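Biologist: I would like to learn how to read a fold from its coordinates. Where do we start?

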Amino acid sequence: MRVAVPHNTTRDRARKTVEQKLDGMLSQFGGHAEEVHHEWIGDTLHFKGKARGMALAGEVEVTDAAVIVEAKLPLLAMAFEGRIREAVEKEVA
């Protein structure tokens with residue numbers, strides 16, 4: 001799944017927003033997640049982890065114009081791709 005959301009701000013501000021959203025999500029759902037790992041390499045956040053037995057991995061790239069989320073969804077989550085896409089767009093915007 002690939003979602004690109006325009007951010008209408010600076011790259012640095014968009015990156016800080018991504019970090020804040022990530023911290024909030026980990027605080028809220030951290031008890032349901034395991035083996036969570038995330039690391040910035042340049043302006044790309046690489047992440048992976050498991051939730052409810054499903055593995056998720058992907059990247060969040062911050063460009064001058066957009067935040068691009070690319071993730072490989074587990075097979076069981078594919079049925080919910082539309083909802084997941086909407087949630088990502090809402091959280092990133």
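Modeller: Start with pairing. Two strands count as paired if DSSP finds at least two bridges between them. Keep in mind that this is a predicted model.

Biologist: Which residue stands opposite K48 in strand 4?

Modeller: A57 does. Strand 3 and strand 4 pair in the antiparallel sense, over eight bridges. They form a hairpin with two residues between them. In that turn, R52 has a positive phi of about 50°.

Biologist: How many bridges join strand 2 to strand 3?

Modeller: Seven, again antiparallel. E39 stands opposite H46 in strand 3. This pair of strands is a hairpin too, with two residues between them. G42 in the turn has a positive phi of about 65°.

Biologist: What holds strands together in general?

Modeller: Strands of a sheet pair through backbone hydrogen bonds, parallel or antiparallel. Here, five strands form an open sheet in the order 1-5-4-3-2, with antiparallel pairing.

Biologist: Which strands stand at the edges?

Modeller: Strand 1 (2–6) and strand 2. Each has a single partner strand, so one side of each is left without a neighbour in the sheet. Neighbouring strands are turned by 15° against each other on average, ignoring direction.

Biologist: And how is strand 1 joined to strand 5?

Modeller: By five bridges, in the antiparallel sense. P6 stands opposite A66 in strand 5.

Biologist: Which strands does helix 1 touch?

Modeller: Helix 1 packs on the sheet and touches strand 2, strand 3, strand 4 and strand 5. Its direction makes about 170° with that of strand 2. Helix 2 packs on the sheet as well, touching strand 1 and strand 5. The direction of helix 2 makes about 25° with that of strand 1.

Biologist: Now side chains. How many salt bridges does the structure hold?

Modeller: A salt bridge needs a side-chain nitrogen of Lys or Arg within 4 Å of a carboxyl oxygen of Asp or Glu. The structure holds eight. R11 forms one with D43, where the closest N and O atoms are 2.8 Å apart. That pair links distant parts of the chain: R11 lies in helix 1, and D43 in the loop between strand 2 and strand 3, 32 residues away.

Notes: Residues numbered from 1 in each chain as written. Predicted model: local features only at pLDDT ≥ 70, side-chain atom pairs only at ≥ 80, totals over all residues. Heavy atoms only, no water. Helix = DSSP H or I, 4+ residues; strand = E, 2+ residues; numbered from the N terminus. Axes fitted to C-alpha atoms, helices over the stretch in contact; angles between N-to-C directions. Contact = heavy atoms within 4.5 Å.
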